[in-house]
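Okay, thanks for coming, everyone. Let me put the model up on the screen and then walk you through it.

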Amino acid sequence: GEVCTMINKKYSEFLPSMQSAEDLVAQVEGLASNIDLLKAGIENEVQRDLNVAVAEFTELKQQLERDTLVLSVLKKLQEFDTTIKECNSALLEKQYVTAAQQLEQARSTLRSLEARRGFELKILKALGTELTVQTQNMIYHLGEEWQKLIVWKLPPSKGSSSLEAVVLSELHLHTVPPQDEDTAVPPVAAVLQALAVLGELHSKLKDFGQLLLQYILKPLISHPSLEPVPEEQPDVFILRFRSQELALDESSPMEVFEKIKLVFEVLHKHLLNVPLEQPGEGRKEGRVTLAELLGELIWEELSDCLIHTCLVNSIPTNSSKLEQYKEVIDSTEEFEKALKRMQFLKEDTTALLKYACNVDSHFANKKCQDVIMAARSLMTSEIHNTVKITPDSSIALPELPDPGSGDHLKMLRPSSLLHNGTVNLGSESRLSPFTLCLPTCRISSSVQQLVELAYHTLLEATASTDLCCVQLFDCVRNIFQLFYEVVPTYHRENLQKLPQLAAIHHNNCMYIAHHLLTLGHQFRYRSTSVLSNGAATFVDLVPGFRRLGMECFLAQMRVQKGEILERLSSARNFSNMDDEENYCAANKAIKQVLHQLRRLGMVWQDVLPVNVYCKAMGALLNTALAEIVTRIAALEDISAEDADRLYSLCRIMVEEGPQVFTPLLEEDKNKKYQEEVPVYVHKWMTFKELMIILQANLQEIVDQWADGKGPLAEEFSAAEVKSLIRALFQNTERRAAALAKIK
């Protein structure tokens, strides 16, 4: 019963709370259906009204934008129209600057109209045309004004800058404002400023600059006799020219700078000193003078012309004049400063001054050019104009300081190297006077001058700045390398054809080689110069020059030997001399060879050094004798008459051969060399022995042989002697006995 009461109690508590929960659910369901109704209402009506409102708003907004755009375009069009009208009225009143500015204003208005996208107005095209017409009209007016301001009176032969043409040229500047009218802006400035605003000034100035260069500036630089004559009148400034007689060929840079400065000063005063507003070119404060603009257009060409026509010629050609060049450098600097003051040049422009200050390098370049030109003309001049040099002839060389002194300023006594051949070695030990001597011979005077040129150039080098010194030293080396290349090629034909020229060329090369040995060395003691470290040497060129001389001369020797053998080949092998015709042929051949040798002896006389002369003549006479010996020794049969005739032919050679040795002009002095012929002619004794055999009997031949110890055995082999015995003597017992003794 108690459990039941518990349940009932719980149940009675539960029922009301369940009841209230059910009420709550019913309330929620009611609320939900109300919300659904409301939602349907909103979706169906309010949303629709809202959409309509937004659409209306957007339309109104676009309408407003269109109206604003149209309004601004109309404003711009009105603006364009106004500026064009104002421009026209300003133009009528000759207020060029205002007119030009209005025109530019109209142009920018039009640009901003054209820049609107999706907005093409037919009218824009028409406006563009209108603007172009206005601009051209304005430019035409300004052009007319410009031509009134600046008047060129040029001679009919336009384009000619000859002296005659320039003297007739005039430049009139009507830029002086009349006294009575007190205009705020002088007409010049107005016209120029308006041109600047329209962007037309550049081309006008360019034309003006070109005329200025052609008829005024360049002629002043290239015609020393020309002078500018400025003339001021109340309403016009005139620049004329006059040519002075008796002017120098070249004017100094100082004079040229003065004339050009004068021209710029008057132009500055009457035309160029106009400040301009330069639209949008990012210049400082946008102000620029006409002088600056003109300078930018013509300075490069003008400075080029000044350098190449005027400064180049003023560069000195020897170092002693370099000192005076300071004057040119100063006046160049002054000239540039003056042009900068007139604002014609920018502050940092220094082309002219740089060139002038670089005088050392230009001096060296010019000097080298002159030296190489001189050297080349010496090398291509005639070889056969010669001078005689002797061991004691010192060529006209600059006096060099004594090597012992060390200090080149003291210049004690001239180096004894170039005189009498004695070399002072600084201590008292001396070489023989003839150690560094050249033998007496003849060389081309052009080569002597060439070596002098080298010495003087090196002397110049030692007095120059380091840079210049090195350049000049290289130049001297170039002279010699040039000789090596040019002479053998340029004179090739004559050196091959003419034995005398070959000999002179040989001497020339030896002479140069001789001087190259000491050339660099002599300048070492000028201690201040770069050459003093001993690197400045020419010794490496010596072997090449010796070879050059030798090869040329040996080639000539080969030609002469060839001719001798050629002549002897017509002697019918010296066989059967009892035949009159054969004998005549052989006799003629020998006479021709002697004639050839005599002629050579004459052309080389007094040209080749005596020892070279004797060796050369000796070698050629030797060729002839050796050939005759070979031919006769090869004969198989020699009759008694043959032997006599061969002997007489040989005697001609022995008697007349030595007489071709005439190395010296003085006849009596040549005797000595003619007596020494056996020294220079290798086969001389062989030839004499052959003559003895031709005249001897068997016993005499055997005696000459003397068991292989006699003079005959010195010159011939046993086989050759036996062969000759067989040819000369009949086959007898005595001959057999004699042959047996030759072994």
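Predicted model: local features only at pLDDT ≥ 70, side-chain atom pairs only at ≥ 80, totals over all residues.

The largest nonpolar core has 131 residues, and F208, I216, L217, F480, F483 and L519 touch the most other members. At least three of its residues come from domain 1 (20-141), and at least three from domain 2 (149-279 + 287-314). Take I216: leaving out residues up to four places away in sequence, I216 touches W152, L171, L211, L239, F241 and V263. Apart from this core there's another one, of 71 residues, including A571, A696, L724 and L728.

Now the surface. V3, M6, I7, Y11, F14, L15 and M18 make a nonpolar patch of about 710 Å². M18 is in helix α1 (residues 2-92), and M18 is partly exposed, at 36% relative accessible area.

On to charges: how many salt bridges does a search of the whole structure find? The search gives 23. One is K218 with E301, closest N and O atoms 2.7 Å apart. K218 sits in helix α6 and E301 in helix α8, so this pair ties together parts 83 residues apart in sequence.

Then there's R477 with D540, at 2.6 Å between the closest N and O atoms. R477 is in helix α13, while D540 is in the loop between α15 and α16, 63 residues apart. Is R477 buried or exposed? R477 is buried, at 16% relative accessible area, whereas D540 is partly exposed at 47%.

Last one: E641 and R645 meet at 4.0 Å, N to O, and both lie in helix α19, about one turn apart.

How values were computed
Residues numbered from 1 in each chain as written. Heavy atoms only, no water. Core = buried A, V, L, I, M, F, W, Y, C linked by side-chain atoms within 4.5 Å. Buried < 20%, exposed > 50% of the residue type's maximum accessible area, 1.4 Å probe, protein only. Domains from an automatic or database assignment. Contact = heavy atoms within 4.5 Å. Patch = residues over 30% accessible without salt bridge, like charges linked within 9 Å, V, L, I, M, F, W, Y side chains within 5 Å. Areas by Shrake-Rupley, 256 points an atom, 1.4 Å probe, with all protein chains shown as cover. Salt bridge = Lys/Arg side-chain N within 4 Å of Asp/Glu carboxyl O. Helix = DSSP H or I, 4+ residues; strand = E, 2+ residues; numbered from the N terminus.
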